[in-house]
Amino acid sequence: MLTDWIPLLRDLRQYRKEWLTHDVVAGLSVTAVQVPTAIAYATLAGFPPEVGLYASILPVLVYALFGSSRQLVLGPDAATCAMIAALLLPIAEGDLNYYLKLSAAMALTAGLLMVFGGMTRMGFIVNFFSRPILIGFLNGIALSIIAGQLGKLLGIAVVSRDFGPSLLELTKRLGEIHGYSLGVGLATLALLVLTRRYLPRAPAALIALLATSLGVFLLGLDARAVKLVGEVPSGLPSFALPGLGYEGVQGIFMSAVGLVIVCFTSGMLTARSFAARNGYNINADQEMRAIGFANMASGLCGGFAVTGADSRTAVNDASGGKTQLVSVIAALATAGVALFLTQPLGHLPVPALAAVLIFSAWGLLDAAGIRRLRVIDRFEFSLSLLTTIGVLTIGVLPGVVIAIMLALLNVLIKIYRPADTLQGIVPGLEGYNDLSFSEDARPVPGMIIYRFDAPLLFFNADYFKVRILSLVDGAEPRPRWFVLNAESISQLDSTGAQAVDDLVTELKIRGVHLVVARPKLYMRKYGQPMGLGQKIGADNIFFSVHSAVETILAREGRGSAADDGNSLLKGVSGHEKGA
């Protein structure tokens, strides 16, 4: 039970010595990106720089204990920080202390909601994110990261935050490119590419950042307006309740609910995507609890809401991290930086950091997956593209929600007008099979064997009835028997049962007998109170299509179905010989 709640203990029991180097390197690489990124995101949300570090220590450590993902790194996120600022800055009215209390209280409240949701198995909501949505989501995140870092790479202070407007602003301000900043960024990218190619197991991000930071310091490029991260106050957070009070929490409760959706869906999508790449599964309920515990920890130590950090997770994966020991190392290293290394941290060049993020984001792009979807299913291809466009234009959560709604709509359309099958004798195959399997397939004379390949529910019951009657009315000559193969009708409600009842009457008027083969338990549940079994007749309900057809042929004195099949096959053979 303990290892179920704390997966890291199970991983440590199965830990291999050769993994330690990978995890240490990945942890330090994550730290190299996490520290300045956390400071930048804290500034984005309107917090002091050190608050970003607070949100990157204990929450990361807590998630490492309780999370089921081996790659996911929690921390401040651009979308989350922007949401916090939009929701809480108007309430704080310029009071920084009150703003910090509000953010801590919202992180704590959102964390409690996620822990409760994970314990009540609400993690299933993430199952609405199909593979096309996952691919589209990662592609959108990757493009948004790249676009967001281009300005820093070029030495241009971009005002716009959204994907399209930021690119448009950059296009108009290309004349402002700062050559030294661009040189530092390109040098970092070159180091990343060369290290990845010739030293694939080396910590590319860490090497590139250390090398460019040293180069900037030795060449004095900071004096030439190459932007550095700057000074950060040292120290660790203290633990305290936000002290907002009942009414204060009540006022931010709905905002916390919205934050739960953003934090969990964003974190889960990232965790699932990297789990799929590395060949293991994610426990959604465990993830909801883990992200919840991490947010509670962030609220208690004066931080703000955190979620799965795409760029840092990408750095972890690219550096070869094997277990959540990476997050433990990253959290401890971040704490060490907050205590002792804030002064050297100030010399980290912003263009170099931007280059690392761009390089990591480039690895998230899945062009091959998009091409496969285009070949397999055009709708899923369009759905993936729409998810990417939605993430880039209207935000992560709205884009993904719209994609889910479209995916569900597509499912409903398929159930409303589902595929169906006419069955008969197919040469070379036993039993009664789809007539479309072969041009030489033939229906059994005098009857229609029909399979409805969907649940029979209120929204497709009328289509079911109209479809069957159209088949009967369009058949020449008109059949005497209609065999309904119910094996694919996995669900039935009262409206569907009423449609079957009406169908019996309509077919009798046309002189056609309805026979049901392979009915499910749902037909008994809804059919018995409505007297459906008596209306169809117990002697017209069979456990297999074969027994239904055999009985019908015996009633008509036509011999067995095998005889009918043999005569058909003989006719086919004679035709082939004649041909």
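## Close-up views of a predicted model

**View A. Thr334 in its helix.** Thr334 is found in helix α15, which spans residues 325-340. The model shown here and in every view is predicted. Thr334 has a relative accessibility of 0%, so this residue counts as buried. Leaving aside residues up to four places away in sequence, Thr334 touches Thr31, Gln34, Val35, Leu53, Ser56 and Ile57. Asp310 lies 24 residues from Thr334 along the chain, and the C-alpha atoms of the two are separated by 18 Å.

**View B. Helix α8 against helix α12.** Helix α8 covers residues 131-154 and helix α12 covers residues 245-278. The two pack at an angle of about 105°, and their axes are 10 Å apart. That angle makes α8 roughly perpendicular to α12, because values of 65 to 115 degrees count as roughly perpendicular. On the α8 side, the contact is made by Leu134, Phe137 and Leu138. On the α12 side, Ser266, Leu269, Thr270, Arg272, Ser273 and Arg277 take part. What kinds of residues make up the contact of α8 with α12? They divide into four nonpolar, three polar and two charged.

**View C. Asn139, also in helix α8.** Asn139 has its place in helix α8. Is Asn139 buried or exposed? Its relative accessibility is 7%, so Asn139 counts as buried; the cut-off for buried is under 20%. Beyond residues up to four places away in sequence, Asn139 touches Leu364, Leu365, Asp366, Ile370 and Thr388.

View D. The model has a count of 14 salt bridges.

**View E. Arg451 and Glu487.** The side chains of Arg451 and Glu487 meet in a salt bridge, at 3.8 Å from N to O. Which parts of the chain does the pair link? Arg451 is in strand β5 (residues 447-452). Glu487 is in the loop between β6 (481-485) and α22 (494-509). The pair links distant parts of the chain, 36 residues apart. Glu487 has a relative accessible area of 24%, so this residue is partly exposed. Arg451 and Glu487 also belong to a network of salt bridges, in which they are linked with Asp453 and Arg518.

View F. Arg518 is found in the loop between β7 and α23 (521-530). Its phi is positive, at about 55°, although Arg518 is not a glycine. Arg518 is partly exposed, with a relative accessible area of 39%. The salt-bridge network links Arg518 with Arg451, Asp453 and Glu487.

**View G. Lys465 and Asp502.** A salt bridge joins the side chains of Lys465 and Asp502, at 3.5 Å from N to O. Lys465 is in helix α21 (residues 461-474), and Asp502 is in helix α22. The pair links distant parts of the chain, 37 residues apart. Asp502 has 26% relative accessibility and therefore counts as partly exposed.

**View H. The six-stranded sheet.** Six strands form an open sheet. Their order is β4-β3-β5-β6-β7-β8, and the pairing is mixed. The edge strands are β4 (433-434) and β8 (541-542), each of which pairs on one side only. Strands β6 and β7 pair in the parallel sense over five bridges. Val483 stands opposite Val515 in β7. Asn485 has Ala517 of β7 as its bridge partner.

**View I. The cis peptide bond at Pro477.** Glu476 and Pro477 are joined by a cis peptide bond, with omega about -10°. Pro477 has its place in the loop between α21 and β6.

**View J. Glu93 in a loop.** Glu93 is in the loop between α6 (78-92) and α7 (96-119). Phi of Glu93 is near 55°, a positive value in a residue other than glycine. Is Glu93 buried or exposed? Its relative accessible area is 69%, so Glu93 is exposed; the cut-off for exposed is over 50%.

Notes. Residues numbered from 1 in each chain as written. Predicted model: local features only at pLDDT ≥ 70, side-chain atom pairs only at ≥ 80, totals over all residues. Heavy atoms only, no water. Axes fitted to C-alpha atoms, helices over the stretch in contact; angles between N-to-C directions. Helix = DSSP H or I, 4+ residues; strand = E, 2+ residues; numbered from the N terminus. Parallel < 35°, antiparallel > 145°, perpendicular 65-115°, else oblique. Contact = heavy atoms within 4.5 Å. Nonpolar A, V, L, I, M, F, W, Y, C, P; charged D, E, K, R; others polar. Salt bridge = Lys/Arg side-chain N within 4 Å of Asp/Glu carboxyl O. Buried < 20%, exposed > 50% of the residue type's maximum accessible area, 1.4 Å probe, protein only. Pairing = 2+ DSSP bridges.
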